[in-house]
Each structure stands twice: as structure tokens, then as C-alpha cells.
Amino acid sequence: MSAQSGILAPLPSLARYLCFDLQQGEAAAALKRFEGVELGDAVIGFGAAFLLAAGAQIPGMRPFVRLPESQVALPHTPSSLWVWLRGEDRGDLVHATRRWQELAGEGFVLTSVVDAFVHRDSRDLSGYVDGTENPTGADAERHGIVDEGALAGSSFVAVQHWRHDFAALEAMSQEQRDNSIGRRISDNEELEDAPESAHVKRTAQEDFEPEAFVVRRSMPWADPSGAGLHFVAFGRSLDAFDAQLRRMSGAEDGIVDAVFRFTRPESGATFWCPPMKGAGLDLRAAMS
Ligand code: HEM
């Protein structure tokens, strides 16, 4: 049993994130249609409410975390099906979108499309390199993919669409910006004296108990309404993401992550990404 190959692969130059909701028909039958489906370069996941409606019991799968103590708004926007189309050519992504609409078939409605891209050497649109402390190789596999039991080869993903306020960012001095991330933009070095609100201090993966490693595969997005970061974090469970967001939101100690000074999440959803058997999706864990 192996994982969907796009999860651990390097970021493509272009991507499209699709969300579908099952608005008609029986969830169990709708889920069954995906058994054995060939993904190509795409990564797909199913939402908690949809899986529940389909009678699938996936241990560890749960809706996007609720943090009543959060000092900032963290929207919840669940979906039945999430598809991350990966590519190098916009036309191919348009055709892949059509293919997935057909594949999803009867009852599924395409509710959102986000066009994303890699910016320079993998920078967020704030200008900072994103992904430096991502686990790689065997570590990425260990932290990103379930390695044993009935769910072996699965992954769980948390997705948030963040919109940047570029006027707010540009009103900050270079020092304030560096302090908000906790790294120097000029050489990407971590700041030793960064404030407690610095993003990399809030999310330092070794500083959690237990350690909270995720495999981030976020990409910048842009459309006529604005631009920002489509945040995507895979994990062998949702625990690490939940712990990081809790600390970022101020729910733990009242200190809000300084990235909130120039960006806000507009969505929040979690998905279970089933394993593969050969070239096809393996849904046995969801159908037993
Ligand atoms: C628009 C929102 C965000 C921006 C612009 C952003 C940007 C960055 C940047 C520039 C870094 C430093 C380089 C790196 O190690 O990748 C970083 C690190 C990191 N971010 Fe974010 N991030 C955002 C949201 C989030 C969220 C929502 C989470 C998780 C809940 C998260 C988790 C992490 C983690 C785990 C690290 C590495 C920390 C470490 O171990 O040093 N980020 N992020």
C-alpha cells in the first residue's frame, strides 16, 4: 500500500484546488465511485461529514479544529471532496478540472476553484521563503503518511485559504516584517531574538509535546479579488496541525501569531487522503 504520490513530491509550478459538495444522492454510492480511480498527478481527500454520511469510519478523521479560546476568527468551511490538481501548464489544469467534474459525477457540485502557483524560490507573496523547515525524504514520509494498520498509506490534510492585506504588510517596517515571521528576509536566517509572537516561534515543530511535524505543501494564490497563501498541511494525523493552530491563535497563552497582522484565513477544512493500490485509489478502509 502506498501514499498518493503527489503528497510527498516537490511542488509543481502551477496548481488548482477544487472543492466539491455532494448535494444530491447517496453518500455511500458516491464514495464507491472513487474506488480504483487513477489519480495521475492529483491528490484527493474526502471530508469528515461526507465520510460519516457514507458510513465510513476512519479513525483520527475529524472536522477542522474548533478553538473556543482563539483570539482570532478561524472559519470552518467543510467540503465533501477536495482535489489538488498539480501541473506545469494552465490548459492541462483546465482539462483536468473537467475530468474531475465528470469523474465525481452525479450529485457533486464544484463549489470552489483556487488557482495557485510557485513564486520565485518557493516564497509566500509576503516575500519570505515558505517550507524551509519542512521535513524531507524519510522524515516527510514518517510525519506525513500513516505507516501501519488499516489506514497504512493514508494521510490527513488541513487546508486554509489565507488572504493577505498587502497595504497592512507594506505599512510595516522591514524589521517588523522580519519579526512577524521570525526570519530575516535578506538571508532567510532565523532571528535569535524574535518576539514570542513570531510565526516560527509559534509553530516551531520540535517545541511541542509531543513534537508536531507536518508536511506543508502551501502555494500562493491570486485572482481578481486579491491574493494570499493557500495553506496545505499533510500529517499522519491531524494532531500536529491542531496543536500549531492552537498556539498561533492565542488559544494557549493569549499571544496571537504576528502573521495575523497582514493575513487572515477565510476557510478551514480537513480531508482524509486514502492510500493507493497500484495506480488506483484504495478505499477498502472506508468500505469495511
Ligand atoms: C498565510 C499564512 C502563513 C504564512 C505566510 C506562513 C509563512 C511561513 C514562513 C515564511 C515560514 C518560515 C520558513 C519555513 O520553515 O517554512 C513558516 C514556517 C512554518 N509555518 Fe507557516 N505560514 C502561514 C500559516 C501557517 C499555518 C496556518 C500553520 C499551521 C497551523 C503554519 C505552520 C508552519 C510551520 C510548522 C513552520 C515551520 C516552523 C519550524 O519548525 O521552524 N504556518 N511559515
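Trainee: Which helix does Ala138 lie in?

Mentor: First, a word on ground rules: this is a predicted model, where local features need pLDDT of at least 70, side-chain atom pairs count only at pLDDT 80 or more, and totals for chains, interfaces and linings use all residues. Numbering runs from 1 along each chain as its sequence is written, and side-chain values use heavy atoms, with hydrogens and water left out. Helices here are DSSP runs of H or I with at least four residues, strands are E runs of at least two, and both are numbered from the N terminus. On that scheme, the helix that holds Ala138 is α5.

Trainee: Is Ala138 buried or exposed?

Mentor: The cut-offs are under 20% relative accessible area for buried, over 50% for exposed, and partly exposed in between, using a 1.4 Å probe and protein chains only. Ala138 has a relative accessible area of 62%, so it counts as exposed.

Trainee: How many Å apart are Ala138 and Asp253 in space?

Mentor: Along the sequence, Ala138 and Asp253 are 115 residues apart. In space, going C-alpha to C-alpha, the separation is 33 Å.

Trainee: Why does Glu170 count as exposed?

Mentor: Glu170 sits in helix α6, residues 166–171. It counts as exposed because its relative accessible area is 57%.

Trainee: And how far is Glu170 from Asp139 in space?

Mentor: In sequence, 31 residues separate Glu170 and Asp139. Their C-alpha atoms are apart in space by 36 Å.

Trainee: What about Ser249, buried or exposed?

Mentor: Ser249 is in the loop between α9 and β9, the latter being 263–265. Its relative accessibility is 0%, so Ser249 is buried.

Trainee: Which residue's backbone nitrogen lies 3.2 Å from a polar atom of the Ser249 side chain?

Mentor: A polar contact is a pair of N or O atoms within 3.5 Å; within protein, one must be able to donate a hydrogen and the other to accept it, and residues adjacent in sequence count only if both atoms are side-chain atoms. For the Ser249 side chain, the backbone nitrogen at 3.2 Å belongs to Ala251.

Trainee: Which residue does a cis peptide bond join to Glu209?

Mentor: The omega angle of that bond is about -5 degrees.

Trainee: What is phi of Arg120 near?

Mentor: Arg120 is in the loop between β4 (108–117) and α5 (137–144). With a relative accessible area of 69%, Arg120 is exposed. Its phi is positive, in a residue other than glycine, and is near 45 degrees.

Trainee: Now the pocket: how much space lies in the largest pocket?

Mentor: The search uses a 1 Å grid over the protein atoms alone: a cavity is a set of points where a 1.4 Å probe fits but cannot get out, whereas a pocket is an open set with protein on both sides within 12 Å along at least five of seven lines, and lining residues have an atom within 4 Å of a point. Points are joined across faces, edges and corners, and a volume is the space filled by probe spheres set on them. For the largest pocket, that comes to about 690 Å³.

Trainee: Which element gives the most to the lining of the largest pocket?

Mentor: Elements that each supply at least two lining residues are β5 (155–164), α8 (199–203), β8 (226–235) and α9 (239–248). With four residues, the top contributor is α9.

Trainee: Where is the ligand?

Mentor: A molecule sits in a cavity or pocket if more than half of its atoms lie within 2 Å of its grid points. Here, the space taken by the ligand is the largest pocket.

Trainee: How many residues surround the ligand?

Mentor: A residue is near a molecule if one of its heavy atoms lies within 4 Å of it. The closest are Gly131, Glu133, His199, Gln205 and Arg216, and the number that surround the ligand is 25.
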